[in-house]
Amino acid sequence: MLSQSMQDALNEQVRIEGQSSQVYLAMASWAEIQPGINNITSFFYRHSDEERMHMLKLIHFINERGGFAVIPDLKQPQLTFPSISHAFKSLLDHEVAVSESINKLVDIALSEKDYATHNFLQWYVAEQIEEEALARNINDKLELIGDEKSGLYLLDRDIMNVTIGGGPANP
Ligand code: OFO
């Protein structure tokens, strides 16, 4: 059974994952109207779906542990970006913030000796390591590319094979 404080903190994470999904959905929609970056567009759409899956996984966990998962109100995210690099920089910053919030949840679980929740959260800890590494890698490439259109063409081609979310798949 979840404590009220653990439940509230997990519900806040439901909101954060839902908001992440919205943030990346907005990036996808913006990317979709930029010429020639179809695979980058699909990367953002896939990332948005992945975040929704993270939210669902939390919802199921909260409800299965005797709590009540609250479906959150979401804010309209940033809709347009000065460049593709700006969008990816913002994605990285967002992931770093998500990792911090996951770490806080782990702290709460440990302080309450809630080992079931602690165990559940390890999936998110591992996922965040991968997502941050992926976002950093793409940002590094964009830094190398600078304003070169040919580099962007190659990034768009290579990103097609990138897998988002390596953890156990289904909620
Ligand atoms: Fe990419 O954040 Fe979910 O966990």
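Helices (H or I, at least four residues) and strands (E, at least two) are DSSP runs, numbered from the N terminus. The model is predicted: local features need pLDDT of at least 70, side-chain atom pairs count only at pLDDT 80 or more, and totals for chains, interfaces and linings use all residues. Residues are numbered from 1 along each chain as its sequence is written, and side-chain values use heavy atoms, with hydrogens and water left out.

**Exercise 1. State where Gly36 lies and decide whether Gly36 is buried or exposed.**

Step 1. Gly36 sits in the loop between α1 (4-32) and α2.

Step 2. Apply the cut-offs: buried means under 20% relative accessible area, exposed over 50%, and partly exposed in between (1.4 Å probe, protein chains only).

Step 3. The relative accessible area of Gly36 is 57%, so Gly36 is exposed.

Step 4. Gly36 and Leu152 are 116 residues apart along the chain, and their C-alpha atoms are separated by 9.2 Å.

**Exercise 2. Describe the fold of the protein chain and its overall dimensions.**

Step 1. Count the elements: the protein chain has five helices and zero strands. Read from the N terminus, the order is α-α-α-α-α.

Step 2. Compare the radius of gyration with the globule rule. The radius is taken over C-alpha atoms, and the rule is 2.2 Å times the number of residues to the power 0.38. For 171 residues the rule gives 16 Å, and the protein chain has 17 Å, which is close, so the chain is as compact as a globular protein of that length.

Step 3. Along the principal axes, the C-alpha atoms fill a box of roughly 55 × 25 × 25 Å.

Step 4. Of the 171 residues in the protein chain, 46% are buried.

**Exercise 3. Classify the ring pairs that Phe43 forms with Phe44 and with Phe88.**

Step 1. A pair of aromatic rings is described by the distance of the centres and the angle of the planes. Rings of Phe, Tyr and Trp (its six-membered ring) pair if their centres lie within 6.5 Å; planes under 30 degrees apart count as stacked, over 60 as edge-to-face and the rest as tilted.

Step 2. The whole structure holds seven aromatic pairs. In one of them, Phe43 and Phe44 lie 5.9 Å apart centre to centre with 70° between the planes, an edge-to-face pair. Phe43 and Phe44 are both buried.

Step 3. For Phe43 and Phe88 the values are 5.7 Å centre to centre and 45° between the planes, a tilted pair. This pair links distant parts of the chain, with Phe43 in helix α2 (residues 38-64) and Phe88 in helix α3 (residues 84-111), 45 residues apart. Both Phe43 and Phe88 are buried.

Step 4. Ring pairs also link Phe61, Phe120, Trp123 and Tyr124 into a cluster.
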